[in-house]
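Q: I have a structure open and would like to go through it step by step. Could we begin with the place where two chains meet?

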Amino acid sequence: MKIAVCIKQVVTRDWPLRVAESATWVRDDDASFEMNEPDAYALEEALRLKELLGGEVVVCSAGPARVSQVIREALARGADRAIHVEGEALAAAEADAVAAALAGAMEGESFDLVLTGLQSDDQGFGQTGVVLAERLGLPHATIIMEVDVADDGGSLRVKRELESGWFQWVSMPLPALLTIQSGINQLRYATLRGIMAAKRKEILTVPAQSAETAGQRILELYVPEKSSATRFIDGSAPEAARELVRLLREEARVL
Amino acid sequence: MILVVAEQRGGALNPATWETVAAAQQTGESITVALVGADVQKLAAELAAAEVAEVLAVEHDALEPYTPDGFVAALAQVMEKACPELVLFPHTYQTRDYAPALAARLGRVFIPDCIASKVRDGQRVFVRPMFQGKFMADVLPQGPAPHFASFQIGACRADACARGAAPAPVREAAVEIDAAAIRQRPEAPFKEAKQAVDLTQAERIVAVGRGIKGQEHLPVAQDLAKALDAELAASRPICDSGWLPMDRQIGSSGQTVAPKLYLAVGISGAIQHLVGMKGARTIVAVNKDADAPIFEVADYGIVGDLFEVVPAIMAALEGEA
Amino acid sequence: MALRRDLAGSRRETPEKADVERETLDVDVLVVGGGPAGLAAAYRLARLNEERGGEPLIVAVLEKARAAGAHMLSGAVLDPSALSELMPDWKSRGAPLDLPVRDDRIYFLTAGRALPFPITPPPLRNHGHYVISLNRLAKWLTEQVEAAGVDVFTGFAGTELLYEGDRVVGVRTGDRGIDRHGERKPAFEPGVDIRAKVTVLADGVRGNLTKTLIRRFSLDAGRSPQSYAIGIKELWDIDPQRLAAGSVIHTMGHPLRFEEFGGGFIYALPDGRLSVGFVAGLDYRDPLFDPHVAFQRFKRHPLVASLLAGGQMVRYGAKALPEGGWHALPRCHLDGALIVGDAAGFLNSMRLKGIHLAMRSGMHAADVAFRAVRENDVSAGRLSEYARLVEAGPIRRELYPVRNVHQSFAGGLLAGLLYSGMSLLTGGWWFRDPMPAHAGHERIRTVAKYFGGAAPPEPPSAPIDRELTFDRLTNVHYSGTRHDENQPSHLLVADTDICRTRCMEEYRNPCTRFCPANVYEIVDADAGEGKRLQINASNCVHCKTCDIMDPYQIIDWVPPEGGGGPSYEGM
Ligand SMILES: Cc1cc2nc3c(=O)[nH]c(=O)nc-3n(C[C@H](O)[C@H](O)[C@H](O)COP(=O)(O)OP(=O)(O)OC[C@H]3O[C@@H](n4cnc5c(N)ncnc54)[C@H](O)[C@@H]3O)c2cc1C
Ligand SMILES: Cc1cc2nc3c(=O)[nH]c(=O)nc-3n(C[C@H](O)[C@H](O)[C@H](O)COP(=O)(O)OP(=O)(O)OC[C@H]3O[C@@H](n4cnc5c(N)ncnc54)[C@H](O)[C@@H]3O)c2cc1C
Ligand code: SF4
């Protein structure tokens with residue numbers, strides 16, 4: 001089975017980010033980066049499927065030169081080769097542009113299965129995978145918690161997460177695209193041998209083609225303001241408690 | 001015209017639909033609501049109570065149960081006929097599953113997970129969180145209309161949805177669907193007791209910190225959580241001591257949550273804790289130290305001994321129930 | 001609680017579980033530590049491979065940080081002499097040295113004033129040096145080293161030395177995927193035995209492997225005990241107009257008292273970024289001294305506060321540095337191993353500079369290791385050529401004349417200043433040679449002794465406003481520190497009973513003050529009675545201060561799971 005995994009490099013989760021001077025993006029020139037968390041689970045799922053069924057795992061990443069860091073990490077974990085769609089503008093690009101860039105590079109490969117994370121930790125659009133499926137003409141399913149490939153290798157049965165504890169099994173023919181939920185499996189560690197082997201693996205770098213994409217422009221990025229100052233509730237414990245319950249019911253309406 | 005895409009499952013409307021209608025009403029534009037399924041007349045009539053221009057019943061046998069292929073095909077046809085300027089969805093798992101594909105098929109932009117929309121320099125922009133809620137962004141949709149956007153659940157209040165003087169007309173919107181072209185075959189949804197709690201989905205959270213002093217006092221917080229129908233969570237020291245499992249830890253090395261209500265008892269509010277819960281809609285803090293940093297993010301604060309205040313809250317809840 | 005942690009901690013001594021299949025990897029030279037010393041050694045070896053031809057030596061570097069350079073914290077003003085010799089074409093290879101020092105000032109601070117020293121004493125002059133970020137330099141050097149054919153394994157900590165008899169034959173990396181109770185998690189991955197003909201220990205100040213080696217072979221016999229300081233540093237973004245890029249400021253005096261050794265530094269990087277730090281000798285006597293508070297008070301001094309006002313703190317970190325100088329250097333060669341950089345103590349505390357000496361020692365070690373492997377003789381005798389290179393080269397030329405400086409500060413600032421001035425004039429000769437010195441942790445007094453039995457006065461404090469001054473926890477947030485929390489504590493406290501009994505009584509738990517990351521807390525005991533030590537191991541920024549300074553020497557810092565620790569981008 002030929003599996004593609006799309007990975008994104010994002011700013012490390014608890015990096016103290018600040019808005020850039022332009023006010024339309026963050027200052028990330030000195031940030032530390034890591035693999036987007038759900039993408040790491042997607043990669044792990046692909047590696048497990050490969051171990052089970054044989055075949056090949058190809059990591060695909062669209063982004064500026066710095067994303068080679070996560071590409072190498074993926075190769076060290078066990079991916080076989082990589083496609084890097086390189087473009088400076090992809091660093092802050094919207095989902096549609098990223099999907100277009102990836103689709104352009106992946107089209108000729110005829111993958112049997114494409115995995116992506118369900119959303120990214122930075123922009124959080126949660127649509128790159130779905131748009132990519134549409135652009136590649138593949139059926140898709142999102143927020144996947146379990147993947148079963150049929151014995152004949154021609155179809156899939158996957159467990160989708162719905163809201164509030166509900167789940168659903170969905171079947172579909174291959175090739176297909178799935179967006180993977182964090183926690184679907186246990187991530188493995190990169191090994192010394194993996195890191196050494198990664199050096200010899202192929203990374204195909206292709207320049208991003210400019211594509212027609214529907215745009216969304218960030219006019220301003222800002223720190224959310226707290227709506228109101230803290231309201232201290234005075235009085236004896238029973239008084240304060242009664243007042244709190246009243247406020248939660250009538251003002252905040254959360255009870 | 002704004003088109004609101006309603007959501008239903010198993011004969012019931014998803015209440016988030018009303019919130020999205022309310023969000024649409026705030027723009028002052030004319031509103032059409034579309035409801036997709038196999039047999040939706042009854043629910044369409046329910047929707048018609050809202051103050052909207054029209055309700056479209058988009059019916060086809062192949063549209064039940066939900067599949068992304070079916071919904072994309074159906075709604076693409078609806079869009080072509082109705083020519084809305086703006087299409088709004090509730091930001092549900094279902095919307096996330098097909099709306100991006102629908103927008104891509106039509107070559108339109110989709111701005112997901114918005115908390116508000118507003119007019120900025122004469123243009124309609126959408127406000128959405130980015131970088132896990134650390135920032136908000138004003139996003140301007142580009143390209144030809146209709147623009148698509150989805151609203152976070154809870155961004156608008158369902159009861160803010162205005163009712164019309166008379167029910168709005170319900171119209172059937174015929175669509176052609178090739179059932180054989182639908183590639184996904186869904187099975188019936190089922191409920192599963194999750195092995196791990198998912199605090200990110202909790203609507204209310206009671207979080208307990210080192211102010212609780214000892215494991216033997218934990219029931220104080222547990223009882224409060226039960227009374228509020230809330231999940232119990234904790235700061236790191238509590239989980240670190242093994243008093244609660246690690247999956248209940250909130251903060252930079254635990255979960256990031258954004259419930260409607262976050263009630264912090266005996267938590268000082270160190271930055272590593274705050275980053276995990278700042279996004280909660282209403283934050284209540286009970287702490288005996290008036291200078292504790294938790295009060296910097298709290299909406300309501302009670303300065304006092306939690307061993308007095310928490311039982312009092314329980315009493316107040318019971319008293320009024 | 002304490003019991004459980006101790007059990008978890010002792011896993012390192014438990015005999016191998018039979019079912020562990022440990023991979024082994026064979027290399028010619030293994031470098032432990034991807035700091036300037038280790039990277040210089042690796043690069044030199046790669047160059048020698050190229051220059052000398054023949055079967056190339058296999059060289060690998062182990063680094064515990066998740067990413068190259070992530071555990072680098074320095075000032076830093078770089079003396080480029082060693083780099084220029086290692087890599088004459090560093091400029092064209094894009095080395096991140098683009099800001100020459102343009103202005104060099106020293107102030108003596110009183111509580112409210114800053115008195116400039118009229119002339120900068122010669123060894124502090126920084127002409128021809130560069131203001132850099134060591135994190136950037138290490139990242140770039142790592143790229144150069146990898147491009148030259150060396151494997152750099154980031155995210156792997158060396159936890160044990162491997163021996164054959166008394167010969168060092170390599171390093172074992174830490175097991176990964178063990179939970180806090182010492183049990184294996186599903187992703188468990190046993191450590192790897194990396195066997196090497198020569199192991200170059202570049203594990204930095206108070207390196208965990210070097211420490212065991214020094215103890216096992218008494219490499220410090222007959223030497224002065226090593227002394228240390230802790231450096232706490234923040235990066236700030238300020239209005240670039242306030243201080244020209246390339247400016248270098250050092251301070252002495254406030255908030256330290258005459259009996260304490262240390263001082264502040266402010267280096268101006270490009271675009272309004274300031275490196276602001278404070279170094280305090282880890283040989284203070286006052287058990288209530290708090291380096292973090294001293295740093296906050298330093299920032300509140302008008303000289304510093306006026307620079308930082310309205311700016312934003314963007315990064316925080318702390319790290320110890322060795323200050324014992326020439327007389328405290330241990331023997332650095334033994335069968336199969338060499339010790340380089342801060343691990344050995346090659347740092348000029350007079351100039352607060354160690355990077356160039358670390359690199360220089362790495363280069364010497366590489367030269368010796370290369371020849372020794374080629375000649376198939378890695379005995380201590382063969383490797384002693386390293387000591388000769390150090391003796392005959394720039395390292396001794398720099399360290400020997402200032403050999404007594406730090407020890408003299410043990411007598412207080414004034415004596416130290418006078419002394420170090422005399423040292424420079426006289427070439428380092430003074431009453432005794434070497435001067436006696438005590439290990440820093442032996443100098444700390446009990447509360448009763450220090451305050452003569454009287455109730456100690458309220459120690460100096462600094463109000464925390466979270467704009468100019470910060471509490472430890474907020475600061476740690478800005479160090480980017482992260483560890484998998486579900487792992488055994490990597491701070492092994494041999495006897496936590498001492499903490500709640502003797503230490504509380506005698507020293508009032510100085511660990512809660514000298515640890516810059518709030519790892520140690522004294523909290524109410526679980527049963528509600530008395531107190532106990534709480535170890536927040538995942539806060540640790542790997543500064544090594546506790547391992548150095550704890551008065552009972554019962555804290556052992558061992559590496560946590562590889563990849564854990566701070567993330568010092570730009571530091
Ligand atoms: C790298 C790193 C990661 C971290 N990750 C996390 C994380 O994910 N989550 C997290 O929570 N922390 C995390 N921390 C720890 C964090 O910094 C704090 O130490 C922790 O949140 C403090 O927990 P607390 O508020 O319960 O305890 P404390 O700070 O001890 O606060 C206890 C509070 O209880 C109040 N109190 C005491 N008695 C009473 C009473 N009777 N009635 C009312 N109030 C009372 C006190 O006034 C005080 O404010 C992390 C730290 C680091 C360095
Ligand atoms: C606050 C401060 C300011 C300073 N200012 C200056 C200055 O202005 N100019 C100057 O020249 N010098 C300065 N120094 C000194 C200089 O930074 C050091 O001398 C230099 O970094 C030493 O290099 P090293 O390679 O020996 O050790 P380090 O730089 O400490 O590198 C050691 C590396 O080994 C890794 N490591 C440790 N143990 C293990 C293990 N078990 N397994 C795997 N990896 C491990 C560490 O993570 C680290 O990356 C300063 C130091 C401090 C603390
Ligand atoms: S625990 Fe020790 S090594 Fe870690 S930050 Fe604290 S003093 Fe430094």
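Predicted model: local features only at pLDDT ≥ 70, side-chain atom pairs only at ≥ 80, totals over all residues.

Q: Which residue of chain B forms a salt bridge with A:Glu220?
A: The partner of A:Glu220 is B:Arg120, and their closest N and O atoms are 2.7 Å apart.

Q: And which helix of chain B gives the most to the side that touches chain A?
A: That is helix 4 of chain B, residues 93–106, which supplies eight residues. By class, this side of chain B consists of 39 nonpolar, ten polar and 25 charged residues.

Q: How much area do chain B and chain A bury between them?
A: They bury about 6,900 Å², of which 56% is on carbon and sulfur atoms. B:Tyr93, B:Phe131 and B:Tyr300 supply 11% of the area that chain B buries against chain A, more than any other three residues.

Q: What about strands: how do strand 9 of chain A and strand 14 of chain B run?
A: They run antiparallel and are joined by two bridges. In one pairing, A:Trp166 has B:Lys191 as its bridge partner.

Q: Changing topic, how many residues surround ligand 3?
A: There are 13, and the closest are C:Cys515, C:Cys540, C:Cys543, C:Lys544 and C:Cys546. The shell around ligand 3 has eleven nonpolar residues, one polar residue and one charged residue.

How values were computed. Residues numbered from 1 in each chain as written. Chains lettered and ligands numbered in written order. Heavy atoms only, no water. Near = heavy atom within 4 Å. Nonpolar A, V, L, I, M, F, W, Y, C, P; charged D, E, K, R; others polar. Buried area = accessible area lost by both parts, 1.4 Å probe. Salt bridge = Lys/Arg side-chain N within 4 Å of Asp/Glu carboxyl O. Helix = DSSP H or I, 4+ residues; strand = E, 2+ residues; numbered from the N terminus. Pairing = 2+ DSSP bridges.
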